[in-house]
Amino acid sequence: MVKKEIINFKEHTDGRGSLIALEYPKQIPIEIKRIYYIYNVKKDTPRGFHSHKDLNQILIAISGCVKVKISDSYDEEIITLDSNDKGLLIGPMIWREMFDFSEDAVLLVLADHEYDESDYIRDYDEFIQLGREYWKK
Ligand code: T46
């Protein structure tokens, strides 16, 4: 099993519609420093292909559907994000690839650090080497 968490968000639904609030630490376990969203992804165009050294992030398919392949350098898993009341928490030293974006997919990402290119591991062989030291199964 790859270390990750699926967080189910509480929906506030009434006659007018639905609302989901994400507040630290009640609904989400990370303090948000940055928010970004990915959309208009071309058909059959995967993204990601990297790990982070320190960053924690929560991925939410606000609209549509997207699959995320995660690996800790030993095991891998594919998680389907297809509902805006569910978030995937991924921590450090987890390789991620996002693929099969539906046309209407909007992937919202909450991150606990500012953008820092030096936090990325973009080379897969380097990730496997560092990941095996980090996770030591
Ligand atoms: C991740 C997955 C889920 C910025 O300027 N600021 C930012 O906060 C981010 C995230 C990106 N950028 C720039 C850097 C690149 O020129 O936006 C461009 C696309 O970024 P990237 O190729 O890293 O995008 P993805 O979709 O491959 O990966 C992103 C995040 O970078 C990454 O942290 O975990 O989404």
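How do the residues of the shell around the ligand divide into nonpolar, polar and charged? In this predicted model, the shell around the ligand holds 5 nonpolar, 4 polar and 4 charged residues. Of the 13 residues around the ligand, those that come nearest are R34, R47, H52, Q57 and Y120.

Several polar atoms of the protein face oxygen atoms of the ligand. The side chain of Q57 places an N or O atom 2.7 Å from an oxygen atom of the ligand. For G48, a polar backbone atom is involved, at 2.9 Å from a ligand oxygen. R96 contributes a polar side-chain atom, which lies 2.9 Å from an oxygen atom of the ligand. The ligand taken alone exposes 650 Å², and the protein buries 67% of that area. Two or more residues of the shell come from each of strand 4 (34-39), strand 5 (47-52) and strand 10 (95-99). Strand 5 gives the most, with 4 residues.

Strands 2 and 3 can be taken next. Strand 2 covers residues 11-14 and strand 3 covers residues 17-20; the two pair in the antiparallel sense over 4 bridges.

The remaining topic is charge pairing between side chains. The whole structure contains 10 salt bridges. One of them joins K26 and E23, with an N to O distance of 3.7 Å. K26 is exposed, at a relative accessible area of 65%, whereas E23 is partly exposed, at 41%.

Another salt bridge links the side chains of K67 and D100, at 3.2 Å from N to O. K67 belongs to strand 7 (residues 66-71) and D100 to the loop between strand 10 and strand 11 (106-111), so this pair ties together parts that are 33 residues apart in sequence. Both partners are partly exposed: K67 has a relative accessible area of 26%, and D100 has 43%.

K69 forms a salt bridge with E76, and their closest N and O atoms are 3.8 Å apart. K69 counts as partly exposed because its relative accessible area is 24%, and the buried class requires a value under 20%. K69 and E76 also belong, together with E97, to a network of salt bridges.

Methods:
Residues numbered from 1 in each chain as written. Predicted model: local features only at pLDDT ≥ 70, side-chain atom pairs only at ≥ 80, totals over all residues. Heavy atoms only, no water. Near = heavy atom within 4 Å. Polar contact = N/O pair within 3.5 Å; in protein donor to acceptor, adjacent residues only side chain to side chain. Areas by Shrake-Rupley, 256 points an atom, 1.4 Å probe, with all protein chains shown as cover. Nonpolar A, V, L, I, M, F, W, Y, C, P; charged D, E, K, R; others polar. Pairing = 2+ DSSP bridges. Salt bridge = Lys/Arg side-chain N within 4 Å of Asp/Glu carboxyl O. Buried < 20%, exposed > 50% of the residue type's maximum accessible area, 1.4 Å probe, protein only.
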